2 protein chains.
Amino acid sequence: MLTFVGLGLHDHTDVSVKGLERIRNADIVFFEGYTSRLGGTSVKEMEEFFEKKVTFVSRRDVEDNPGSILDPAGDKNVVFLTGGDPMVSTTHADLRIRAHRRGIRTEIIHGASIVSAVCGLSGLQNYRFGKSCSLPFPEKNWYPLTPAEVIRTNLSMNLHTLVYLDIRDDRCMTVHDAVSLLEEMSPRCGFSIPLYIGVARAGSPSPDVFCGDASKVLAHDYGPPLHILIVPGPLHVMEKEYLELFGGL
Amino acid sequence: MLTFVGLGLHDHTDVSVKGLERIRNADIVFFEGYTSRLGGTSVKEMEEFFEKKVTFVSRRDVEDNPGSILDPAGDKNVVFLTGGDPMVSTTHADLRIRAHRRGIRTEIIHGASIVSAVCGLSGLQNYRFGKSCSLPFPEKNWYPLTPAEVIRTNLSMNLHTLVYLDIRDDRCMTVHDAVSLLEEMSPRCGFSIPLYIGVARAGSPSPDVFCGDASKVLAHDYGPPLHILIVPGPLHVMEKEYLELFGGL
(Lines give C-alpha, C1' and ligand atoms only; values in the text may rest on other atoms or scores of the structure.)
Protein backbone atom coordinates (compact mmCIF):
# COMPACT_ATOMS: atom_id res chain seq x y z
CA MET A 1 0.00 0.00 0.00
CA LEU A 2 1.27 3.46 -0.92
CA THR A 3 -0.19 6.44 0.94
CA PHE A 4 0.57 9.96 -0.21
CA VAL A 5 0.41 12.34 2.76
CA GLY A 6 0.48 16.12 2.37
CA LEU A 7 2.38 17.82 5.18
CA GLY A 8 0.88 21.27 4.69
CA LEU A 9 2.78 24.50 4.59
CA HIS A 10 5.34 25.08 7.30
CA ASP A 11 6.25 22.54 9.98
CA HIS A 12 5.56 19.01 11.18
CA THR A 13 2.42 20.10 13.09
CA ASP A 14 0.73 21.16 9.84
CA VAL A 15 0.03 17.53 8.96
CA SER A 16 -3.56 16.43 9.55
CA VAL A 17 -4.46 14.16 12.44
CA LYS A 18 -5.42 11.55 9.83
CA GLY A 19 -2.08 11.94 8.06
CA LEU A 20 -0.18 11.61 11.34
CA GLU A 21 -2.04 8.40 12.08
CA ARG A 22 -1.04 7.00 8.66
CA ILE A 23 2.60 7.95 9.28
CA ARG A 24 2.65 6.33 12.71
CA ASN A 25 1.18 3.11 11.27
CA ALA A 26 3.64 3.03 8.36
CA ASP A 27 6.40 0.49 7.88
CA ILE A 28 8.49 2.88 5.77
CA VAL A 29 8.28 6.68 5.45
CA PHE A 30 9.80 8.62 2.55
CA PHE A 31 9.92 12.43 2.37
CA GLU A 32 10.58 14.36 -0.80
CA GLY A 33 11.83 17.91 -0.44
CA TYR A 34 12.07 19.02 -4.07
CA THR A 35 8.56 20.04 -5.16
CA SER A 36 8.11 22.10 -2.00
CA ARG A 37 10.01 23.00 1.18
CA LEU A 38 8.95 23.11 4.79
CA GLY A 39 10.64 26.13 6.33
CA GLY A 40 9.81 25.29 9.93
CA THR A 41 11.09 21.76 10.40
CA SER A 42 13.79 19.25 9.47
CA VAL A 43 13.95 15.52 8.84
CA LYS A 44 15.31 15.10 12.38
CA GLU A 45 12.43 17.07 13.93
CA MET A 46 9.92 15.16 11.82
CA GLU A 47 11.40 11.85 12.99
CA GLU A 48 11.08 12.89 16.62
CA PHE A 49 7.51 14.14 16.23
CA PHE A 50 6.34 11.27 14.02
CA GLU A 51 8.23 8.66 16.08
CA LYS A 52 9.39 7.11 12.80
CA LYS A 53 12.48 6.98 10.68
CA VAL A 54 12.03 9.37 7.74
CA THR A 55 14.05 8.75 4.58
CA PHE A 56 14.74 11.84 2.47
CA VAL A 57 14.51 11.25 -1.27
CA SER A 58 15.66 13.54 -4.07
CA ARG A 59 13.96 14.13 -7.41
CA ARG A 60 16.51 11.82 -8.98
CA ASP A 61 15.77 9.05 -6.46
CA VAL A 62 12.07 9.18 -7.29
CA GLU A 63 12.12 9.84 -11.02
CA ASP A 64 15.08 7.66 -12.01
CA ASN A 65 14.36 4.84 -9.61
CA PRO A 66 10.68 4.76 -8.64
CA GLY A 67 11.21 1.10 -7.72
CA SER A 68 12.92 2.24 -4.52
CA ILE A 69 9.50 3.52 -3.38
CA LEU A 70 7.29 0.97 -5.15
CA ASP A 71 9.12 -2.29 -4.37
CA PRO A 72 8.51 -2.15 -0.62
CA ALA A 73 4.92 -0.88 -1.16
CA GLY A 74 4.01 -4.30 -2.59
CA ASP A 75 3.69 -5.87 0.85
CA LYS A 76 4.36 -3.04 3.33
CA ASN A 77 2.64 0.18 4.34
CA VAL A 78 4.71 2.85 2.61
CA VAL A 79 3.98 6.53 3.26
CA PHE A 80 5.27 9.16 0.83
CA LEU A 81 5.39 12.64 2.37
CA THR A 82 5.36 15.90 0.46
CA GLY A 83 5.01 19.53 1.47
CA GLY A 84 1.61 21.10 0.72
CA ASP A 85 -1.02 18.87 -0.86
CA PRO A 86 0.59 15.69 -2.18
CA MET A 87 -0.56 15.39 -5.77
CA VAL A 88 -0.34 18.88 -7.27
CA SER A 89 2.95 17.90 -8.87
CA THR A 90 3.04 15.75 -12.01
CA THR A 91 5.90 13.63 -10.73
CA HIS A 92 3.66 12.21 -8.01
CA ALA A 93 0.79 11.52 -10.40
CA ASP A 94 3.32 9.41 -12.30
CA LEU A 95 4.22 7.53 -9.11
CA ARG A 96 0.56 6.78 -8.41
CA ILE A 97 0.09 5.51 -11.98
CA ARG A 98 3.10 3.21 -11.63
CA ALA A 99 1.85 1.90 -8.29
CA HIS A 100 -1.57 1.14 -9.73
CA ARG A 101 -0.04 -0.72 -12.69
CA ARG A 102 1.80 -2.94 -10.22
CA GLY A 103 -1.46 -3.67 -8.37
CA ILE A 104 -0.47 -1.59 -5.34
CA ARG A 105 -3.35 0.11 -3.54
CA THR A 106 -2.93 3.87 -3.14
CA GLU A 107 -4.51 6.52 -0.94
CA ILE A 108 -4.19 10.31 -0.79
CA ILE A 109 -4.34 12.24 2.50
CA HIS A 110 -4.65 15.86 1.51
CA GLY A 111 -2.79 18.75 3.12
CA ALA A 112 -3.03 22.52 3.14
CA SER A 113 -1.61 24.01 -0.04
CA ILE A 114 -0.28 27.40 -1.02
CA VAL A 115 -2.90 27.32 -3.81
CA SER A 116 -5.67 28.09 -1.31
CA ALA A 117 -3.54 29.67 1.45
CA VAL A 118 -2.71 32.71 -0.69
CA CYS A 119 -6.40 33.67 -0.65
CA GLY A 120 -6.51 34.00 3.13
CA LEU A 121 -3.15 35.70 3.33
CA SER A 122 -3.79 38.26 0.59
CA GLY A 123 -7.58 38.59 0.80
CA LEU A 124 -7.79 37.93 -2.93
CA GLN A 125 -10.79 35.88 -3.91
CA ASN A 126 -10.18 32.41 -5.22
CA TYR A 127 -12.51 32.71 -8.21
CA ARG A 128 -10.67 35.80 -9.46
CA PHE A 129 -7.44 33.90 -10.18
CA GLY A 130 -6.67 32.87 -13.75
CA LYS A 131 -4.12 30.29 -14.84
CA SER A 132 -1.05 30.18 -12.59
CA CYS A 133 2.54 30.11 -13.78
CA SER A 134 6.01 29.10 -12.63
CA LEU A 135 8.99 31.42 -12.79
CA PRO A 136 12.27 29.53 -13.22
CA PHE A 137 15.77 30.89 -12.68
CA PRO A 138 16.98 31.87 -16.17
CA GLU A 139 19.84 29.85 -17.56
CA LYS A 140 22.36 30.40 -20.33
CA ASN A 141 20.45 30.54 -23.63
CA TRP A 142 17.19 29.84 -21.79
CA TYR A 143 15.04 32.76 -20.76
CA PRO A 144 11.41 31.81 -21.33
CA LEU A 145 8.90 34.66 -21.45
CA THR A 146 5.96 32.30 -20.79
CA PRO A 147 5.32 33.53 -17.22
CA ALA A 148 5.01 37.14 -18.39
CA GLU A 149 2.66 36.06 -21.18
CA VAL A 150 0.42 34.23 -18.71
CA ILE A 151 0.31 37.33 -16.50
CA ARG A 152 -0.45 39.58 -19.47
CA THR A 153 -3.35 37.35 -20.55
CA ASN A 154 -4.77 37.22 -17.02
CA LEU A 155 -4.45 41.00 -16.58
CA SER A 156 -6.28 41.51 -19.88
CA MET A 157 -9.18 39.53 -18.37
CA ASN A 158 -8.94 41.33 -14.99
CA LEU A 159 -7.69 38.16 -13.28
CA HIS A 160 -5.03 37.58 -10.64
CA THR A 161 -1.97 35.38 -11.30
CA LEU A 162 -0.27 33.15 -8.77
CA VAL A 163 3.44 32.93 -9.65
CA TYR A 164 5.26 29.89 -8.28
CA LEU A 165 8.91 30.69 -7.62
CA ASP A 166 11.69 28.26 -8.52
CA ILE A 167 12.97 25.88 -5.86
CA ARG A 168 16.44 24.42 -6.42
CA ASP A 169 18.64 22.24 -4.27
CA ASP A 170 20.93 25.16 -3.53
CA ARG A 171 18.59 28.17 -3.61
CA CYS A 172 14.99 29.30 -3.56
CA MET A 173 13.81 32.20 -5.68
CA THR A 174 12.85 35.27 -3.62
CA VAL A 175 10.18 37.88 -4.27
CA HIS A 176 13.02 40.29 -5.16
CA ASP A 177 14.47 37.87 -7.73
CA ALA A 178 11.03 37.34 -9.23
CA VAL A 179 10.04 40.99 -9.42
CA SER A 180 13.39 41.89 -11.01
CA LEU A 181 12.88 39.19 -13.64
CA LEU A 182 9.29 40.20 -14.37
CA GLU A 183 10.29 43.88 -14.64
CA GLU A 184 12.69 42.82 -17.41
CA MET A 185 10.22 40.48 -19.11
CA SER A 186 7.01 42.50 -19.08
CA PRO A 187 8.19 45.37 -21.33
CA ARG A 188 9.46 42.76 -23.80
CA CYS A 189 5.90 41.38 -23.85
CA GLY A 190 4.47 44.85 -24.31
CA PHE A 191 2.94 45.56 -20.91
CA SER A 192 3.84 46.70 -17.43
CA ILE A 193 2.90 45.35 -14.00
CA PRO A 194 1.44 48.01 -11.70
CA LEU A 195 1.15 45.96 -8.50
CA TYR A 196 2.89 42.97 -6.95
CA ILE A 197 1.95 41.07 -3.78
CA GLY A 198 4.83 39.21 -2.18
CA VAL A 199 4.05 36.49 0.36
CA ALA A 200 6.72 34.96 2.58
CA ARG A 201 6.53 31.98 4.93
CA ALA A 202 2.86 31.13 4.37
CA GLY A 203 1.55 28.97 7.19
CA SER A 204 4.31 29.98 9.62
CA PRO A 205 3.72 32.01 12.80
CA SER A 206 5.26 35.01 11.01
CA PRO A 207 3.96 35.13 7.45
CA ASP A 208 4.73 38.37 5.62
CA VAL A 209 2.38 39.84 3.03
CA PHE A 210 3.49 43.07 1.41
CA CYS A 211 2.36 44.69 -1.80
CA GLY A 212 3.28 47.63 -3.98
CA ASP A 213 4.80 48.59 -7.29
CA ALA A 214 8.19 47.15 -8.22
CA SER A 215 10.27 49.78 -6.41
CA LYS A 216 8.26 49.54 -3.19
CA VAL A 217 8.37 45.76 -3.16
CA LEU A 218 12.10 45.68 -3.99
CA ALA A 219 12.76 47.96 -1.01
CA HIS A 220 10.90 45.66 1.40
CA ASP A 221 12.68 42.94 3.38
CA TYR A 222 10.58 39.78 3.16
CA GLY A 223 12.94 37.73 5.31
CA PRO A 224 13.69 34.02 4.86
CA PRO A 225 12.00 31.68 2.30
CA LEU A 226 9.70 30.26 1.05
CA HIS A 227 8.40 33.16 -1.00
CA ILE A 228 5.59 33.29 -3.52
CA LEU A 229 4.31 36.10 -5.69
CA ILE A 230 0.90 37.27 -6.85
CA VAL A 231 0.31 39.70 -9.68
CA PRO A 232 -3.21 40.94 -8.99
CA GLY A 233 -5.71 42.18 -11.51
CA PRO A 234 -7.84 45.20 -10.58
CA LEU A 235 -8.81 44.88 -6.91
CA HIS A 236 -12.39 44.65 -5.70
CA VAL A 237 -13.38 46.88 -2.77
CA MET A 238 -12.93 44.22 -0.10
CA GLU A 239 -9.67 42.92 -1.59
CA LYS A 240 -8.33 46.47 -1.46
CA GLU A 241 -9.45 47.00 2.11
CA TYR A 242 -7.91 43.66 3.15
CA LEU A 243 -4.57 44.52 1.56
CA GLU A 244 -4.58 47.96 3.18
CA LEU A 245 -4.91 46.30 6.59
CA PHE A 246 -2.82 43.15 6.09
CA GLY A 247 -0.57 43.81 3.08
CA GLY A 248 0.83 47.33 3.42
CA LEU A 249 -1.19 48.74 0.49
CA MET B 1 -7.73 36.72 19.74
CA LEU B 2 -9.57 35.24 16.77
CA THR B 3 -8.09 32.16 15.13
CA PHE B 4 -9.49 30.88 11.85
CA VAL B 5 -8.93 27.12 11.61
CA GLY B 6 -9.53 25.16 8.41
CA LEU B 7 -10.92 21.69 9.07
CA GLY B 8 -9.97 20.19 5.71
CA LEU B 9 -12.20 18.11 3.52
CA HIS B 10 -14.13 15.32 5.16
CA ASP B 11 -14.15 14.62 8.90
CA HIS B 12 -12.79 15.84 12.23
CA THR B 13 -9.45 14.04 11.73
CA ASP B 14 -8.67 16.18 8.68
CA VAL B 15 -7.77 19.15 10.89
CA SER B 16 -4.04 19.74 11.30
CA VAL B 17 -2.25 18.89 14.53
CA LYS B 18 -1.60 22.64 14.90
CA GLY B 19 -5.29 23.43 14.35
CA LEU B 20 -6.34 20.81 16.89
CA GLU B 21 -4.01 22.36 19.44
CA ARG B 22 -5.59 25.80 18.85
CA ILE B 23 -9.08 24.30 19.27
CA ARG B 24 -8.17 22.55 22.50
CA ASN B 25 -6.70 25.79 23.90
CA ALA B 26 -9.73 27.86 22.88
CA ASP B 27 -12.21 29.45 25.26
CA ILE B 28 -14.98 29.46 22.64
CA VAL B 29 -15.27 27.46 19.40
CA PHE B 30 -17.62 28.43 16.56
CA PHE B 31 -18.23 26.30 13.48
CA GLU B 32 -19.82 27.57 10.29
CA GLY B 33 -21.34 25.02 7.96
CA TYR B 34 -22.53 27.22 5.10
CA THR B 35 -19.49 27.88 2.87
CA SER B 36 -18.59 24.17 2.91
CA ARG B 37 -19.80 20.92 4.42
CA LEU B 38 -17.98 18.09 6.14
CA GLY B 39 -19.63 14.87 4.99
CA GLY B 40 -17.90 12.61 7.50
CA THR B 41 -18.63 14.20 10.86
CA SER B 42 -21.17 16.11 12.93
CA VAL B 43 -21.03 18.85 15.57
CA LYS B 44 -21.48 16.13 18.22
CA GLU B 45 -18.57 14.05 16.88
CA MET B 46 -16.40 17.16 16.64
CA GLU B 47 -17.19 18.02 20.25
CA GLU B 48 -16.18 14.55 21.40
CA PHE B 49 -12.97 14.53 19.39
CA PHE B 50 -12.00 18.14 20.15
CA GLU B 51 -13.06 17.84 23.81
CA LYS B 52 -14.75 21.24 23.45
CA LYS B 53 -18.22 22.65 23.06
CA VAL B 54 -18.70 23.61 19.39
CA THR B 55 -21.31 26.27 18.57
CA PHE B 56 -22.81 26.01 15.09
CA VAL B 57 -23.36 29.37 13.40
CA SER B 58 -25.37 30.09 10.26
CA ARG B 59 -24.53 32.56 7.52
CA ARG B 60 -27.08 34.94 9.05
CA ASP B 61 -25.47 34.67 12.50
CA VAL B 62 -22.09 35.65 11.09
CA GLU B 63 -23.07 38.22 8.47
CA ASP B 64 -25.90 39.97 10.30
CA ASN B 65 -24.34 39.83 13.73
CA PRO B 66 -20.55 39.52 13.52
CA GLY B 67 -20.45 40.92 17.06
CA SER B 68 -21.50 37.50 18.35
CA ILE B 69 -18.08 36.22 17.19
CA LEU B 70 -16.05 39.39 17.72
CA ASP B 71 -17.26 40.52 21.17
CA PRO B 72 -15.84 37.51 23.04
CA ALA B 73 -12.63 37.61 20.91
CA GLY B 74 -11.68 40.89 22.61
CA ASP B 75 -10.41 39.12 25.74
CA LYS B 76 -10.85 35.40 25.03
CA ASN B 77 -9.34 32.86 22.65
CA VAL B 78 -12.02 32.40 20.03
CA VAL B 79 -11.60 29.78 17.31
CA PHE B 80 -13.70 29.99 14.14
CA LEU B 81 -13.87 26.67 12.29
CA THR B 82 -14.65 26.24 8.60
CA GLY B 83 -14.49 23.32 6.21
CA GLY B 84 -11.58 23.37 3.78
CA ASP B 85 -9.11 26.25 4.05
CA PRO B 86 -10.61 29.02 6.18
CA MET B 87 -10.28 32.18 4.15
CA VAL B 88 -11.22 31.26 0.60
CA SER B 89 -14.66 32.74 1.20
CA THR B 90 -15.22 36.52 1.15
CA THR B 91 -17.42 36.44 4.21
CA HIS B 92 -14.48 35.38 6.36
CA ALA B 93 -12.19 38.02 4.91
CA ASP B 94 -14.82 40.49 6.07
CA LEU B 95 -14.74 38.98 9.57
CA ARG B 96 -10.96 39.29 9.75
CA ILE B 97 -11.16 42.94 8.62
CA ARG B 98 -13.73 43.68 11.34
CA ALA B 99 -11.62 41.94 13.98
CA HIS B 100 -8.54 43.94 12.99
CA ARG B 101 -10.47 47.22 13.14
CA ARG B 102 -11.44 46.39 16.72
CA GLY B 103 -7.80 45.73 17.61
CA ILE B 104 -8.31 41.96 17.88
CA ARG B 105 -5.31 39.84 16.92
CA THR B 106 -6.05 37.23 14.23
CA GLU B 107 -4.35 34.08 13.03
CA ILE B 108 -5.05 31.67 10.17
CA ILE B 109 -4.40 27.92 10.47
CA HIS B 110 -4.73 26.58 6.96
CA GLY B 111 -6.49 23.36 5.98
CA ALA B 112 -6.69 21.12 2.95
CA SER B 113 -8.96 22.61 0.30
CA ILE B 114 -10.85 21.20 -2.64
CA VAL B 115 -8.93 23.76 -4.75
CA SER B 116 -5.78 21.63 -4.57
CA ALA B 117 -7.40 18.26 -3.78
CA VAL B 118 -9.02 18.05 -7.21
CA CYS B 119 -5.56 17.86 -8.78
CA GLY B 120 -4.64 14.68 -6.93
CA LEU B 121 -8.04 13.12 -7.42
CA SER B 122 -8.33 13.84 -11.13
CA GLY B 123 -4.65 13.91 -12.13
CA LEU B 124 -5.22 17.29 -13.77
CA GLN B 125 -2.31 19.63 -13.39
CA ASN B 126 -2.81 22.68 -11.23
CA TYR B 127 -1.25 25.13 -13.67
CA ARG B 128 -3.67 24.08 -16.44
CA PHE B 129 -6.74 25.40 -14.59
CA GLY B 130 -8.17 28.78 -15.62
CA LYS B 131 -10.58 30.88 -13.60
CA SER B 132 -13.03 28.80 -11.55
CA CYS B 133 -16.78 29.39 -11.36
CA SER B 134 -19.75 28.69 -9.13
CA LEU B 135 -22.93 27.07 -10.38
CA PRO B 136 -26.01 28.15 -8.38
CA PHE B 137 -29.42 26.52 -8.39
CA PRO B 138 -31.49 28.58 -10.85
CA GLU B 139 -34.35 30.56 -9.37
CA LYS B 140 -37.45 32.12 -10.83
CA ASN B 141 -36.37 34.88 -13.24
CA TRP B 142 -32.74 34.21 -12.37
CA TYR B 143 -30.76 31.90 -14.60
CA PRO B 144 -27.27 33.35 -15.00
CA LEU B 145 -25.17 32.02 -17.89
CA THR B 146 -21.92 33.23 -16.29
CA PRO B 147 -20.62 29.74 -15.39
CA ALA B 148 -21.00 28.56 -18.99
CA GLU B 149 -19.23 31.68 -20.23
CA VAL B 150 -16.30 31.08 -17.88
CA ILE B 151 -16.06 27.47 -19.13
CA ARG B 152 -16.25 28.59 -22.77
CA THR B 153 -13.44 31.11 -22.25
CA ASN B 154 -11.25 28.54 -20.48
CA LEU B 155 -11.88 25.89 -23.16
CA SER B 156 -10.92 28.43 -25.85
CA MET B 157 -7.55 28.75 -24.06
CA ASN B 158 -7.23 24.96 -23.54
CA LEU B 159 -7.68 25.35 -19.78
CA HIS B 160 -9.59 23.29 -17.22
CA THR B 161 -12.44 24.78 -15.17
CA LEU B 162 -13.27 23.91 -11.57
CA VAL B 163 -17.03 24.31 -11.08
CA TYR B 164 -18.14 24.83 -7.46
CA LEU B 165 -21.61 23.42 -6.91
CA ASP B 166 -24.21 25.26 -4.87
CA ILE B 167 -24.58 24.42 -1.17
CA ARG B 168 -27.89 25.35 0.45
CA ASP B 169 -29.28 24.71 3.89
CA ASP B 170 -31.67 22.11 2.53
CA ARG B 171 -29.78 20.63 -0.43
CA CYS B 172 -26.40 20.32 -2.14
CA MET B 173 -26.07 20.41 -5.91
CA THR B 174 -25.03 17.05 -7.38
CA VAL B 175 -22.91 16.30 -10.44
CA HIS B 176 -26.12 15.25 -12.21
CA ASP B 177 -27.85 18.59 -11.40
CA ALA B 178 -24.80 20.47 -12.61
CA VAL B 179 -24.30 18.56 -15.85
CA SER B 180 -28.00 18.89 -16.70
CA LEU B 181 -27.79 22.66 -16.15
CA LEU B 182 -24.60 23.03 -18.20
CA GLU B 183 -26.05 20.94 -21.03
CA GLU B 184 -28.87 23.51 -21.21
CA MET B 185 -26.59 26.53 -20.87
CA SER B 186 -23.71 25.67 -23.18
CA PRO B 187 -25.72 25.60 -26.48
CA ARG B 188 -27.19 28.98 -25.50
CA CYS B 189 -23.60 30.24 -25.24
CA GLY B 190 -22.71 28.70 -28.59
CA PHE B 191 -20.56 25.76 -27.57
CA SER B 192 -20.76 22.21 -26.29
CA ILE B 193 -18.91 20.39 -23.51
CA PRO B 194 -17.30 17.14 -24.65
CA LEU B 195 -16.05 15.87 -21.28
CA TYR B 196 -17.04 16.24 -17.62
CA ILE B 197 -15.20 14.95 -14.55
CA GLY B 198 -17.41 14.48 -11.51
CA VAL B 199 -15.76 14.18 -8.09
CA ALA B 200 -17.68 13.02 -5.03
CA ARG B 201 -16.62 12.96 -1.37
CA ALA B 202 -13.09 14.32 -1.84
CA GLY B 203 -10.96 13.56 1.18
CA SER B 204 -13.16 10.69 2.36
CA PRO B 205 -12.13 7.01 2.42
CA SER B 206 -14.37 6.48 -0.63
CA PRO B 207 -13.93 9.37 -3.03
CA ASP B 208 -15.45 8.80 -6.45
CA VAL B 209 -13.93 10.24 -9.62
CA PHE B 210 -15.73 9.47 -12.85
CA CYS B 211 -15.57 11.19 -16.21
CA GLY B 212 -17.28 11.05 -19.56
CA ASP B 213 -19.61 12.93 -21.85
CA ALA B 214 -22.94 14.13 -20.47
CA SER B 215 -24.83 10.89 -21.08
CA LYS B 216 -22.13 8.70 -19.54
CA VAL B 217 -21.81 10.93 -16.48
CA LEU B 218 -25.59 11.20 -16.03
CA ALA B 219 -25.82 7.39 -16.01
CA HIS B 220 -23.22 7.06 -13.25
CA ASP B 221 -24.17 6.93 -9.57
CA TYR B 222 -21.82 9.24 -7.66
CA GLY B 223 -23.37 8.51 -4.28
CA PRO B 224 -23.80 10.97 -1.41
CA PRO B 225 -22.48 14.59 -1.41
CA LEU B 226 -20.36 16.68 -1.48
CA HIS B 227 -19.90 16.75 -5.23
CA ILE B 228 -17.77 19.00 -7.38
CA LEU B 229 -17.34 19.18 -11.14
CA ILE B 230 -14.44 19.78 -13.49
CA VAL B 231 -14.78 20.66 -17.15
CA PRO B 232 -11.36 19.77 -18.54
CA GLY B 233 -9.65 21.32 -21.52
CA PRO B 234 -7.71 19.01 -23.87
CA LEU B 235 -5.91 16.41 -21.77
CA HIS B 236 -2.15 15.99 -21.69
CA VAL B 237 -0.80 12.45 -22.03
CA MET B 238 -0.32 11.87 -18.32
CA GLU B 239 -3.66 13.46 -17.40
CA LYS B 240 -5.33 11.09 -19.84
CA GLU B 241 -3.49 8.07 -18.49
CA TYR B 242 -4.38 9.05 -14.91
CA LEU B 243 -8.07 9.42 -15.74
CA GLU B 244 -8.07 6.08 -17.56
CA LEU B 245 -6.79 4.42 -14.39
CA PHE B 246 -8.57 6.43 -11.71
CA GLY B 247 -11.50 8.18 -13.42
CA GLY B 248 -13.19 5.65 -15.69
CA LEU B 249 -12.06 7.36 -18.90
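A:C119 is buried, its relative accessible area being 1%. This value comes from a predicted model. A:C172 is likewise in the buried class, since its relative accessible area is 18% and the class takes in values under 20%. Neither cysteine is paired: A:C119 is in no disulfide, and the nearest cysteine sulfur, which belongs to B:C119, is 14 Å away. For A:C172, also in no disulfide, the nearest cysteine sulfur is that of A:C133, at a distance of 17 Å. A disulfide would require two cysteine sulfur atoms within 2.5 Å, and the search of the whole structure returns zero disulfides over all chains.

The next topic is the interface between the chains. Here, 49 residues of chain B are in contact with 49 residues of chain A. The size of an interface is often expressed as the accessible area lost when the parts come together. Between chain B and chain A the buried area is about 4400 Å², and carbon and sulfur atoms give 64% of it. Which three residues supply more of the area that chain B buries against chain A than any other three? They are B:V17, B:K18 and B:H110, which supply 13% of that area.

Between chain B and chain A, 24 residue pairs are in polar contact, with both residues of each pair at pLDDT 80 or more. The rule for salt bridges finds six of them across the interface of the two chains. In one salt bridge, the side chain of A:K18 meets that of B:D14, with an N to O distance of 3.0 Å.

Several elements of chain B contribute to the side that touches chain A. Those giving two or more residues are the helices α1 (17-24), α5 (90-101), α6 (114-122) and α10 (237-246), together with the strand β5 (106-109). The element that gives the most to this side is α5(B), with seven residues. By residue type, the side of chain B that touches chain A comprises 24 nonpolar, 16 polar and nine charged residues.

The backbone deserves attention at several positions. In chain A, the peptide bond that runs from A:P225 to A:L226 is cis, with omega near -10°. A:L226 is located in the loop between α9 (214-218) and β10 (227-231) of chain A. In chain B, B:P225 and B:L226 are joined by a cis peptide bond with omega of about -10°. The loop that holds B:L226 lies between α9 (214-218) and β10 (227-231) of chain B.

A:N158 is not a glycine, yet its phi is positive, at about 60°. This residue, A:N158, is placed in the loop between α7 (146-156) and β7 (161-165) of chain A. Is A:N158 buried or partly exposed? A:N158 is partly exposed, because its relative accessible area is 42%, and that class lies between 20% and 50%. In chain B, B:R201 is a residue other than glycine with a positive phi, near 55°. B:R201 belongs to the loop between β8 (196-200) and β9 (208-212) of chain B. With a relative accessible area of 14%, B:R201 is buried.

Technical notes:
Residues are numbered from 1 along each chain as its sequence is written. Chains are lettered from A and ligands numbered from 1 in the order in which they are written. This is a predicted model: local features need pLDDT of at least 70, side-chain atom pairs count only at pLDDT 80 or more; totals for chains, interfaces and linings use all residues. Side-chain values use heavy atoms; hydrogens and water are left out. Contact means heavy atoms within 4.5 Å. Buried area is the accessible area (1.4 Å probe) that two parts lose on being put together, summed over both. A salt bridge is a side-chain nitrogen of Lys or Arg within 4 Å of a carboxyl oxygen of Asp or Glu. A polar contact is a pair of N or O atoms within 3.5 Å; within protein, one must be able to donate a hydrogen and the other to accept it, and residues adjacent in sequence count only if both atoms are side-chain atoms. Helices (H or I, at least four residues) and strands (E, at least two) are DSSP runs, numbered from the N terminus. Ala, Val, Leu, Ile, Met, Phe, Trp, Tyr, Cys and Pro count as nonpolar, Asp, Glu, Lys and Arg as charged, and the others, Gly among them, as polar. Buried means under 20% relative accessible area, exposed over 50%, partly exposed in between (1.4 Å probe, protein chains only).
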